[in-house]
Amino acid sequence: MGIRTATMVSAVVLIACTTWAQNPPSPQPGMDMSGHDMSEMSAKHDTKDMSAMDSEGGAHAMHSMEGHHMDMGPHMKMTALRDPKAGDEQRAREVVETARCVAEKYKDYHTALAEGFQIFLPNVPQKMYHFTNYSYAFEAAFSFNPERPTSLLYEKHGDDYKLVGVMYTAPKRFTEEDLDQRIPLSIAQWHEHVNLCLPPAGRKREALGPHAKFGLEGSIATKEECDANGGIFRPLIFNWMVHLYPLEKTEAGIWAVDRGHNQNHGN
């Protein structure tokens, strides 16, 4: 999707967003999930993993992620960009247009809170705050609905929050083919956070700084080394995620994978 195309549709999108915000449509079925384990138990497990991270371990993980959010090191698994195929641009464009509607609706963070979004770790200083809707996270285990993102992404300015993007999730069991059906992998890169070693009690400082041993910036990336250092190993935290910044003007900005590096991006 080029800049010219985005400009041409912007007026139509604004009208559609206004209508959608006033009368949001009912959820529509997503991708065909036949052949996958779509049991209620599995969906609950995925959502529970997300909410369970809203704890001491979750605070540490979120803090660790900020500095090297998209670093392709031992703690990051990311899908590779594929060669484009017919229909990819159109599918991605439709997701972006819907995400713009979502962004227009939730520019005021109070609206998000009133509709069930919760600030993930509000007391932990972050470059980007995730306002998460756990009901939508549950639904994402079954189908993809770009009208109902798992999280809204805000940057904090004083006591106010500025919406900058949305985050969609998919079950951790998904293959890249599954992810490609949701958003084409020729345009978007999904990611997972892996190989986390949480520090034992009394050694949390060893998860901070350029020479950290623990955390998602740490040197420890295997269960064996984590066990040897008394840590708690998590081979995978959270689910598959993809960030989308629909208010940006270029495709590179919309699908940026390194936005978390720069707190002042877009200001």
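Are Tyr106 and Phe117 buried or exposed? In this predicted model, both Tyr106 and Phe117 are buried.

**Aromatic pairs**

A pair of aromatic rings is described by the distance of the centres and the angle of the planes. Across the whole structure, a search finds ten aromatic pairs. Tyr106 and Phe117 make up one of them, an edge-to-face pair with centres 5.2 Å apart and 65° between the planes. This pair links distant parts of the chain, since Tyr106 lies in the loop between α4 and α5, whereas Phe117 lies in the loop between α5 and β2, eleven residues apart.

Phe144 and Tyr168 also form an edge-to-face pair, at 5.2 Å centre to centre and with 80° between the planes. Phe144 belongs to the loop between α6 and β4, and Tyr168 to strand β5, 24 residues apart. Phe144 and Tyr168 are both buried.

**Nonpolar cores**

The largest nonpolar core has 34 residues, of which Phe131, Leu152 and Tyr168 touch the most other members. Helices α4 and α5 and strands β3, β4, β5 and β7 each supply at least two residues of this core. Helix α4 gives the most, with six residues. Leaving aside residues up to four places away in sequence, Tyr168 touches several residues, including Val95, Ala99, Phe144, Trp190 and Trp240. A second, separate core of 16 residues includes Val124, Val164, Met167 and Ile237.

**Salt bridges**

Side chains of opposite charge can pair when their charged atoms come close. The structure holds twelve salt bridges, and the table presents some of them.

| Salt bridge | Closest N to O distance |
|---|---|
| Lys77 and Glu192 | 4.0 Å |
| Glu139 and Arg148 | 2.7 Å |

Lys77 in strand β1 and Glu192 in strand β6 are 115 residues apart, and their pair links distant parts of the chain. Lys77 is partly exposed because its relative accessible area is 42%, whereas Glu192 is buried because its value is 3%.

Arg93 and Glu89, by contrast, both lie in helix α4, four residues apart, which is about one turn of the helix. Arg93 has a relative accessible area of 14% and is therefore buried; Glu89, at 46%, counts as partly exposed.

In the remaining pair of the table, Glu139 is partly exposed at 27% relative accessible area, and Arg148 is partly exposed at 22%. Finally, salt bridges that share partners join Lys85, Asp88, Arg91 and Asp180 into one network.

Terms used
Residues are numbered from 1 along each chain as its sequence is written. This is a predicted model: local features need pLDDT of at least 70, side-chain atom pairs count only at pLDDT 80 or more; totals for chains, interfaces and linings use all residues. Side-chain values use heavy atoms; hydrogens and water are left out. A nonpolar core is a set of buried Ala, Val, Leu, Ile, Met, Phe, Trp, Tyr and Cys residues joined through side-chain atoms within 4.5 Å. Buried means under 20% relative accessible area, exposed over 50%, partly exposed in between (1.4 Å probe, protein chains only). Contact means heavy atoms within 4.5 Å. Rings of Phe, Tyr and Trp (its six-membered ring) pair if their centres lie within 6.5 Å; planes under 30 degrees apart count as stacked, over 60 as edge-to-face and the rest as tilted. A salt bridge is a side-chain nitrogen of Lys or Arg within 4 Å of a carboxyl oxygen of Asp or Glu.
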